[in-house]
Amino acid sequence: MSNLTKYKWFFRLLATREGRRILLIPTVILLALSVFTIYQMELNPKPERVEMQDGSGDIKLTKRSALIAFKLPQEVGEVRDIVGEDMKVTSYDVFCDKDNNIKSAMVNVKADEKEAKEIIDSYQKKYGLTQVASAWNGDAGGFDISIRYDRKDQRIDIDLKKK
């Protein structure tokens, strides 16, 4: 049996007006759902708000994007001021208590080696960071800050912990 005879029913279905509608409507619905999902995951600027299940009542604000870099939203408050508004952030996790006070944050910034050196130098001047092994540590406005550069993934990891 050839491939043409296997799919003959499909071509007959496409030849009729009703058959095209039967195939077109579900295809359009699936395409619309796919586009909406991509928008929610990649382009929506609002962070996902997750309540921690450990009984503490803490909240985790999180956002990840595999396709594009984005700016930190207003919801992350102090972290946005420390990291900077113009950074190419690819993901972040911000942990808050019940009263929305930030406890800690982890931010990943996309940067090649040249950009990473410039960013780290600016943080060293701004916060007086000291280099310990492969990380730079310091104090940033009530937070302990730790910065690491990953050459393999070309990203900067910024960890903030409330004092």
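Me: How does glutamate 85 count at 44% relative accessibility?

Reply: Glutamate 85 counts as partly exposed. The scale is simple: under 20% relative accessible area is buried, over 50% is exposed, and partly exposed lies in between, with a 1.4 Å probe and protein chains only. Keep in mind that this is a predicted model, where local features need pLDDT of at least 70 and side-chain atom pairs count only at pLDDT 80 or more, while totals for chains, interfaces and linings use all residues. Residues are numbered from 1 along each chain as its sequence is written, and side-chain values use heavy atoms, leaving out hydrogens and water.

Me: Which residue forms a salt bridge with glutamate 85?

Reply: Side chains of opposite charge can pair when their charged atoms come close. Here the partner is arginine 80, and the closest N and O atoms are 3.8 Å apart. Arginine 80 itself is buried, at 12% relative accessibility.

Me: How many salt bridges does a search of the whole structure find?

Reply: The search finds 13. One of them joins the side chains of arginine 64 and aspartate 93, at 2.9 Å from N to O. Arginine 64 is in strand β2 and aspartate 93 in strand β3, so this pair ties together parts that lie 29 residues apart in sequence. (Strands are DSSP runs of E with at least two residues, helices are runs of H or I with at least four, and both are numbered from the N terminus.) Arginine 64 is partly exposed at 48%, while aspartate 93 is buried at 8%.

Me: Where do lysine 163 and aspartate 144 lie in the chain?

Reply: Their side chains also meet in a salt bridge, with 4.0 Å from N to O. The two ends come from distant parts of the chain: lysine 163 from the segment after β8 and aspartate 144 from strand β7, 19 residues apart. Lysine 163 is exposed at 59%, and aspartate 144 is partly exposed at 39%. Elsewhere, salt bridges with shared partners join Asp150, Asp153, Arg155 and Asp157 into one network.

Me: What is the phi of asparagine 100?

Reply: Most residues other than glycine have a negative phi. Asparagine 100, not a glycine, has a positive phi of about 60°. Look for asparagine 100 in the loop between β3 (89–96) and β4 (102–110), where it is partly exposed at 44%. Glutamine 154 is another such case, with a positive phi of about 50°. Its loop runs between β7 (143–150) and β8 (155–162), and glutamine 154 is partly exposed at 41%.

Me: Which residues line the largest pocket?

Reply: A pocket is an open set of points on a 1 Å grid over the protein atoms alone where a 1.4 Å probe fits, with protein on both sides within 12 Å along at least five of seven lines; lining residues have an atom within 4 Å of a point. Here the lining is Glu113, Ala116, Lys117, Ile120, Asp121, Gln124, Ser134, Trp136, Tyr149 and Arg151. Helix α5 (residues 113–127) supplies the largest share, six residues.

Me: Where is leucine 67, and is it buried or exposed?

Reply: Leucine 67 sits in the loop between β2 (59–64) and α4 (78–83). With a relative accessible area of 64%, leucine 67 is exposed.
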